[in-house]
Amino acid sequence: MNLIQPGITELRRKLRERSITSADVVDALIARTETHFALNGYVAFDPQGLRAQARAADLLIAAGQDLPLLGVPIALKDNIDAAGWPTSAGTPALLAHRPMHDAAVTGRLRRSGALISGKANLHELAFGITNHNQVTGIAGNPWAPDRIPGGSSGGCAVVVAAGMVPAAIGTDTGGSVRVPAALCGIAGLRPTVGRVPSGGIAPISCTRDTAGPMARRVEDLVLLDTILTGDVGTVAPVPLAGLRLGVPTGRFWQDLDSGVGAVMQAALERLRHAGVVLVSVDLPGLDAYNEAAGFPIALHEFIPEMTRYLETSASGVNLADLVARIGNKDVAGVLQPLLANGGIPPQVYSDALQARTRLQQVYSAAFANHEVQALVFPTTPLTARAVSAQDTVEFNGQQLPSFPTFIRNTDPGSNAGIPGISLPAGLAPDGLPVGLALDGPAHSDRRLLSIAAAIERVLPTPALAPL
């Protein structure tokens with residue numbers, strides 16, 4: 001029996017039926033992981049510890065226990081605390097950091113019976129989009145190991161797309177769940193900010209950060225969303241006939257890689273054929289409000305938020321030492337001058353929060369005035385690329401900065417704090433995955449999952465990377 005392909009929902013069903021054991025599952029996943037360990041998706045992996053967790057789960061199943069994730073392995077991004085595991089956040093000062101307590105999300109997973117399969121690689125301190133981490137090593141995209149998997153939750157996408165684990169929990173500040181999901185051909189959910197508890201996660205910004213699930217199917221995102229948030233609202237695929245989706249004007253559909261454009265136009269045709277009503281939606285002022293809000297909020301909040309995390313997690317590291325020892329030039333180039341200059345001034349931060357409020361109003365008006373339930377657009381304007389030493393990427397004949405290029409479409413919704421999903425939309429002519437993104441109104445997460453579940457049925461069936 002193939003135990004690499006099933007998602008967590010199917011695995012849990014088979015475990016309930018006792019047609020497989022958790023030990024069977026982890027043996028298959030360990031073998032897969034060891035075969036493809038060179039992708040560097042995991043930065044901490046303990047096969048014997050995982051087998052011990054599986055044996056304990058099998059005993060509970062045999063005794064009649066029935067928990068939502070009992071016996072199912074889940075990976076954690078290595079900025080999420082888990083007792084017994086390191087939390088390095090991909091940075092030198094925290095390589096020896098072993099928190100004594102679980103993050104709130106980790107505790108919820110464990111109480112649901114999940115096994116912690118390991119800690120996944122990330123862009124250092126979650127401040128980047130490539131996962132080219134010189135501290136923990138570069139992660140390779142399972143579809144093309146010489147290409148980036150995206151970031152900052154790149155390791156999570158790698159281990160799920162490569163069949164090393166059925167699902168993972170990443171974090172998303174500006175696209176860090178959805179961008180790697182898109183580039184690696186899996187699904188990823190960014191919940192409305194505040195729905196998922198943030199305690200015990202190495203932070204960037206309390207206004208922008210959220211943990212979110214990554215898996216190969218929407219049904220698994222739904223199950224994990226239920227566990228992470230406690231929201232038990234019904235999620236079932238909605239009828240597509242008559243469903244109104246907005247196609248946003250401006251940045252979202254402009255200047256696409258030709259392969260991405262072709263896949264996304266095919267996806268829109270599938271939606272039209274299924275009866276979806278596609279509505280052109282203008283978002284006036286979005287670019288200006290987004291630019292005014294994004295970096296000032298994140299960089300102002302990083303200093304107090306990271307200081308608090310270092311203290312409460314008993315890391316033994318202070319912020320000055322953390323920043324001084326950063327190992328990647330792109331991250332050091334942002335954070336070391338920030339600290340040296342005393343951070344973002346309060347007035348700039350206040351202005352940024354006002355711009356965020358305006359950005360939220362732009363989205364609210366768009367959903368209401370056009371009577372659309374979600375916006376649909378390419379998750380990224382290009383497929384996975386190799387990144388140069390200058391941290392630029394080749395895109396439509398130009399060398400452009402990799403970070404703003406890859407987050408171009410995911411950043412505005414992130415700054416507004418609204419929920420977003422990326423679904424596998426198919427493969428571009430270069431053989432690499434393309435992601436279809438959906439953004440919904442604030443707190444419409446379960447409805448957005450219902451829409452995604454319906455759309456998933458008309459898109460090409462996603463597959464594991466052909467390793």
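This is a predicted model: local features need pLDDT of at least 70, side-chain atom pairs count only at pLDDT 80 or more; totals for chains, interfaces and linings use all residues.
Trainee: Is Gly230 buried or exposed?
Mentor: Gly230 sits in the loop between helix H7 (218–229) and strand E9 (244–248). Its relative accessibility is 52%, and the cut-off for exposed is over 50%. Gly230 therefore counts as exposed.

Trainee: Asp439 is buried; which side chain of opposite charge is nearest, and how far away?
Mentor: Asp439 belongs to strand E15 (residues 433–439). Its contacts beyond four places in sequence include Tyr363, Phe367 and Arg178. A salt bridge needs a nitrogen to oxygen distance within 4 Å, and Asp439 has none. The nearest side chain of opposite charge is Arg178, at 4.2 Å.

Trainee: How many residues of strand E8 (residues 210–215) are buried?
Mentor: Thr210, Gly212 and Met214 point one way from E8, and these are buried. Ala211, Pro213 and Ala215 point the other way and are buried as well. The count for E8 is six of six.

Trainee: Which residue of E8 is the bridge partner of Ala168, and which of Gly188?
Mentor: Strand E6 (residues 167–172) runs antiparallel to E8, joined by six bridges. Strand E7 (residues 187–190) also pairs with E8 in the antiparallel sense, over two bridges. For Ala168 the partner in E8 is Met214, and for Gly188 it is also Met214.

Technical notes: Residues are numbered from 1 along each chain as its sequence is written. Side-chain values use heavy atoms; hydrogens and water are left out. Helices (H or I, at least four residues) and strands (E, at least two) are DSSP runs, numbered from the N terminus. Buried means under 20% relative accessible area, exposed over 50%, partly exposed in between (1.4 Å probe, protein chains only). Lys and Arg count as positive and Asp and Glu as negative; His and the chain ends are not counted. Contact means heavy atoms within 4.5 Å. Two strands pair if DSSP finds at least two bridges between them.
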